[in-house]
Amino acid sequence: TFGHRGLGTPGIMQELGSKLGFDVNIIPPVEFKGEPISSSLVRKALEEGDIDTAHSLLGYYPILDGVVVEGEHRGKQLGFPTANVGVEGLFHVPAKGVYAARARVGTNQYHCVVNIGSKPTFHEDYPVSIEAHLMEFDGDIYGQAISLSFLAKLRDEKRFDSLPDLVNQIGRDRDQALEISRSHAADL
């Protein structure tokens, strides 16, 4: 549709084309599982953490751009330093959970595991944060732009009863994310 309140139709466009001397080719919508591909479908897939569907709809892996901001420094204390990613409010963030991803900082790319959530092991009520543990990286990137390409959701966010349980799970998440990221190297 087009025009005021979207009242313009393909038929009206063809009539205007005939009157005003331009050609109109009507192209049917591209569909995914019987539904026209739309930004609403992409947002729904991201809200559900369905990276595979979002990838199919977009034709590329979902990307989240932000800037590395100061965090609580808890990841470093646990042996898994993270880049806390501050994003503009207009970005649609995937569902809470743990994801395999690739991070780009400047011209460098890193395998990473990303946690999106409210840190339930440490806080009763905490705003959603985005933390990326960049593998094979050691440095200071505060204030730098970072781009995360989400490859797969590993699991939902959960509260752990002890720090050793959390650390062990983060290690398993890291290993699984590394395997997935390496297997997608040609796709990025």
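How many aromatic pairs does a search of the whole structure find? The search finds 2. This is a predicted model, with local features requiring pLDDT of at least 70 and side-chain atom pairs pLDDT 80 or more, while totals for chains, interfaces and linings use all residues. Residues are numbered from 1 along each chain as its sequence is written, and side-chain values use heavy atoms, leaving out hydrogens and water.

**View 1. A closed barrel of 6 strands.** The strand order is S3-S4-S7-S6-S5-S8, with antiparallel pairing. From one strand to the next, the twist averages 45°. Strands (E, at least two residues) and helices (H or I, at least four) are DSSP runs, numbered from the N terminus. Two strands pair if DSSP finds at least two bridges between them.

**View 2. Strand S8 and its partners S3 and S5.** Strand S3 (residues 63–69) pairs with S8 over 5 bridges, in the antiparallel sense. Here leucine 64 stands opposite leucine 148. S5 and S8 are also antiparallel, joined by 7 bridges. Across them, arginine 102 faces serine 149 of S8. Of the 11 residues in S8, 9 are buried (under 20% relative accessible area; exposed is over 50%, partly exposed in between; 1.4 Å probe, protein chains only).

View 3. Asparagine 84 has glutamate 131 as its bridge partner in S7. Contact means heavy atoms within 4.5 Å. Helix H3 (residues 51–58) lies across S5 (97–105) and S8 (145–155), at about 125° to S8. Axes are lines fitted to C-alpha atoms, for helices over the stretch in contact; angles run from 0 to 180 degrees between N-to-C directions.

**View 4. Tyrosine 99 and phenylalanine 150, an edge-to-face pair.** The centres are 5.3 Å apart, with 85° between the planes. Rings of Phe, Tyr and Trp (its six-membered ring) pair if their centres lie within 6.5 Å; planes under 30 degrees apart are stacked, over 60 edge-to-face, the rest tilted. Tyrosine 99 lies in S5 and phenylalanine 150 in S8, so the pair ties together parts 51 residues apart in sequence. Tyrosine 99 is buried at 0% relative accessibility; phenylalanine 150 is buried at 1%.

**View 5. Tyrosine 110 and phenylalanine 137, an edge-to-face pair.** Their centres are 5.1 Å apart, with 70° between the planes. Tyrosine 110 sits in S6, and phenylalanine 137 in the loop between S7 and S8, 27 residues apart. Tyrosine 110 is buried at 14% relative accessibility, whereas phenylalanine 137 is partly exposed at 26%.
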